[in-house]
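Subject: Structure handover

Hello,

The sequence and structure follow. My notes are below them.

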Amino acid sequence: MEIAMAIDDLVVARGKRRVLHGLTCTIQQGSVTGLLGPSGSGKTTLMRSVVGVQKIQSGSVTVLGQPAGSASLRDKVGYLTQAPSVYADLTVRENARYFASLYGISRREADQSVTDVGLHEAADQLVGTLSGGQRARASLACALVSKPELLILDEPTVGQDPVLRNDLWQQFHALAQAGTTLLVSSHVMDEAGRCERLILIREGCIVADDTPAAVRAATGTDDLEEAFLRLVLEQEKLEQEKAKVA
Ligand SMILES: Nc1ncnc2c1ncn2[C@@H]1O[C@H](COP(=O)(O)OP(=O)(O)O)[C@@H](O)[C@H]1O
Ligand SMILES: [Mg+2]
């Protein structure tokens, strides 16, 4: 398996505070990796570092063999920001066609992306009149339109109804099967089981980086939320013991 992305000892500060404390991980090409962790744990900061829009303090982020943020990666990396970034005064279809035009992609393909995110019926609606969940999907359609090799999706399924969430996950896996690499974040642990690989993050540190099955086996529970808790407790115990010795 080829490596799509490698992060090595990444340290990031935001404001005066250090928010990522030396993260190291890799992501395989053509896989769906989940970046799971509570709110404020550093998911968005990590994703921004991968896209190359985050100032980093030390360490390195290599994306498709290039340093993150390299100009040559611009049309190879798609980024869905946590807050929808679409034009409120354009329709869904117009938004998708606009982003497609930036990449020299046909209108037909743009329209297909709108259908893929389940917005066919709302295609002619102004984005400003959509529900929050629909707006998030419109934003996703625009991120998908350029068919990037690496897709960074920041909480794409938050606020979506269960049926749609299921559809979106199926779509992510279909994309991965076709060779796209996906890094998908969520703060909802019940989505963890949907990923081929998990990176569990808490307070800017990686708690686990493994398959869901391995995380379940290591913690002795099928419930990934419980597994996360057990990993955190274990880590805290280790830290306390280390502090005692020191
Ligand atoms: N612009 C900013 N300035 C200062 N601190 C920030 C900024 N953005 C985020 N942070 C802090 O960085 C930490 C990680 O945030 P973030 O990466 O957004 O976490 P997540 O996406 O997991 O919720 C949080 O403690 C947050 O308060
Ligand atoms: Mg976030």
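The C-alpha centres of domain 1 and domain 2 lie 26 Å apart. The assignment gives domain 1 as 3-76 + 153-245 and domain 2 as 85-147; domain bounds come from an automatic or database domain assignment. Seven residues of domain 1 are in contact with eight residues of domain 2, contact being C-beta atoms, placed from the backbone, within 7 Å. On the side of domain 1 that touches domain 2 there are two nonpolar, three polar and two charged residues. Here Ala, Val, Leu, Ile, Met, Phe, Trp, Tyr, Cys and Pro count as nonpolar, Asp, Glu, Lys and Arg as charged, and the others, Gly among them, as polar.

This is a predicted model: local features need pLDDT of at least 70, side-chain atom pairs count only at pLDDT 80 or more, and totals for chains, interfaces and linings use all residues. Residues are numbered from 1 along each chain as its sequence is written, while chains are lettered from A and ligands numbered from 1 in the order in which they are written.

The chain overall: a compact globule of 246 residues would have a radius of gyration near 18 Å, and the chain, at 19 Å, agrees. The radius is taken over C-alpha atoms, and the globule rule is 2.2 Å times the number of residues to the power 0.38. Of the 246 residues, 42% are buried, that is, 20 or more other C-beta atoms lie within 10 Å of their own, with C-beta atoms placed from the backbone (exposed: 12 or fewer; partly exposed: in between).

The chain has seven helices and ten strands, which are DSSP runs numbered from the N terminus (helices H or I, at least four residues; strands E, at least two). Four strands form an open antiparallel sheet in the order 2-1-4-5, with strand 2 (17-28) and strand 5 (66-67) at the edges. Two strands pair if DSSP finds at least two bridges between them; strand 1 (residues 3-14) and strand 4 (residues 58-63) have five. Val11 stands opposite Ser58 in strand 4.

Around ligand 1 are Arg14, Gly15, Val19, Gly37, Ser39, Gly40, Ser41, Gly42, Lys43, Thr44 and Thr45, each with its C-beta atom, placed from the backbone, within 6 Å of the ligand. Helix 1 (residues 43-51) gives the most to this shell, three residues. The shell divides into one nonpolar, eight polar and two charged residues.

In helix 2 (residues 92-102), the buried residues are Val92, Arg93, Asn95, Ala96, Arg97, Phe99 and Ala100. Their cover includes helix 3 (107-116) and helix 4 (132-144).

Regards

Note on methods
Two residues are in contact if their C-beta atoms, placed from the backbone, lie within 7 Å.
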